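Biologist: I would like to learn how features of a fold are read from a set of coordinates, taking one term at a time. Could we begin with the terms and then turn to the case at hand?

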Amino acid sequence: MTTQQIVPVVSNVPELADLAGTVQELVGRGLDERALTVAVQAELTSLLAAGFELPEESTRPHPDRYVMYPMHVAPDGSFSIASAVWNVGQGTPVHGHETWGVVGIYRGVEVETRYEKPAVPDIPLVAEGTDEWGAGQVTVCCTTDDDVHQVRCGGDQPVVGIHVYGADIGTLPRRSYDPETGAVHWFTSTWAR
C-alpha cells in the first residue's frame, strides 16, 4: 500500500481553528492516549454546546458514499479534524482506525455498532452493542487497542460529525473487516476536496 503525502490544512472556521490549537497543545504534552482522548472529548463537547457554523460545502453529502472533509490537518500528521457526512441510508464498512479518535455530532443522528477487536485473523467478529448519537453528543470512538465499529446515518436527514483523530486520517492505511468471516482488507479514507 502506497503511503500518501500529508497535506496540511488550516481551518477557516475560527472555532475549529481554536480547537486545533488546543488539540496541538494537548498532543504536545505527551499525554497517554486515554487522558488525551478524555481531554479532547471535553473540548469538543464544549465547542458543540457553544455552537458554530460549518461552511455548507463541508456538510454536503455525496450521493454514493460517506465523505470526510479536512477541516484541519497538522503539518506533521499528528492529528486531524474532519467533517464527516453520511447521507440518509449511507454507512461505513466495519473498520478500525489504527489511532485514537473522538467524534461529536454536529447535526443529525449517527448509529454506531461496536465490535470486539479480533485477537486472531479470519474469525467472525463479535458485536458488542449499538448506540445512537445525536447533535451535541461526543464519544471516544477509538483507541489503538479498541477501535472496530461500523457507523451509519440513523435519521431522515444527513448526519454531520466532527471527528478528531490522532493522525492524518485521510492518508492513514486502516483495516476493514468482513464481520461474517473476519477477513481483513486495507483501505485509506481519502479526503473529499
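Modeller: Let us start with burial: a residue is called buried under 20% relative accessible area, exposed over 50%, and partly exposed in between, with a 1.4 Å probe and protein chains only. Helices (H or I, at least four residues) and strands (E, at least two) are DSSP runs numbered from the N terminus. The model is predicted, so local features need pLDDT of at least 70 and side-chain atom pairs count only at pLDDT 80 or more, while totals for chains, interfaces and linings use all residues. Residues are numbered from 1 along each chain as its sequence is written, and side-chain values use heavy atoms, with hydrogens and water left out.

Biologist: With those cut-offs, how many residues of β1 are buried?

Modeller: Seven of the seven residues of β1 are buried, so this strand is largely enclosed by the rest of the structure.

Biologist: Which strands does β10 pair with?

Modeller: Strand β10 (residues 174-177) is joined to β3 (residues 94-95) by two bridges, in the antiparallel sense, and the bridge partner of H95 in β10 is S176. Four bridges, again antiparallel, join β10 to β11 (residues 184-187), where R175 stands opposite W186. β10 and β11 form a hairpin with six residues between them, and G182 in the turn has a positive phi of about 80 degrees.

Biologist: Where does P179 lie, and what does it touch?

Modeller: P179 is in the loop between β10 and β11 and counts as partly exposed, at a relative accessible area of 26%. Contact means heavy atoms within 4.5 Å; leaving aside neighbours within four places in sequence, P179 is in contact with V94, Y115, P124 and L125. P179 and P93 are 86 residues apart in sequence, yet 9.2 Å apart in space, C-alpha to C-alpha.

Biologist: Which residues other than glycine have a positive phi?

Modeller: Two examples can be given. E98, in the loop between β3 and β4, has a phi near 65 degrees and is partly exposed at 26% relative accessibility. D122, in the loop between β5 (109-115) and β6 (127-134), has a phi near 60 degrees and is exposed, with a relative accessible area of 54%.

Biologist: What is a nonpolar core, and which residues touch the most other members of the largest one?

Modeller: In soluble globular proteins, nonpolar side chains tend to be buried together. A nonpolar core is a set of buried Ala, Val, Leu, Ile, Met, Phe, Trp, Tyr and Cys residues joined through side-chain atoms within 4.5 Å. Here the largest core has 28 residues, of which L16, L44, F52 and I81 touch the most other members. At least two residues of this core come from each of α1 (14-28), α2, β1, β2 (80-86), β4 (101-107) and β9. A second, separate core of 21 residues includes V73, I105, W133 and F187.

Biologist: Is F52 buried or exposed, and which residues is it in contact with?

Modeller: F52 is buried, with a relative accessible area of 8%, although its place is in the loop between α2 (33-50) and β1 (67-73). Apart from neighbours within four places in sequence, F52 is in contact with V13, E15, L16, L47, Y106 and I162. The C-alpha atoms of F52 and P14, 38 residues apart along the chain, are separated by 8.8 Å. L16, with residues up to four places away in sequence not counted, touches S11, L47, F52, L54, M71, I81 and I162.

Terms used: Pairing = 2+ DSSP bridges.
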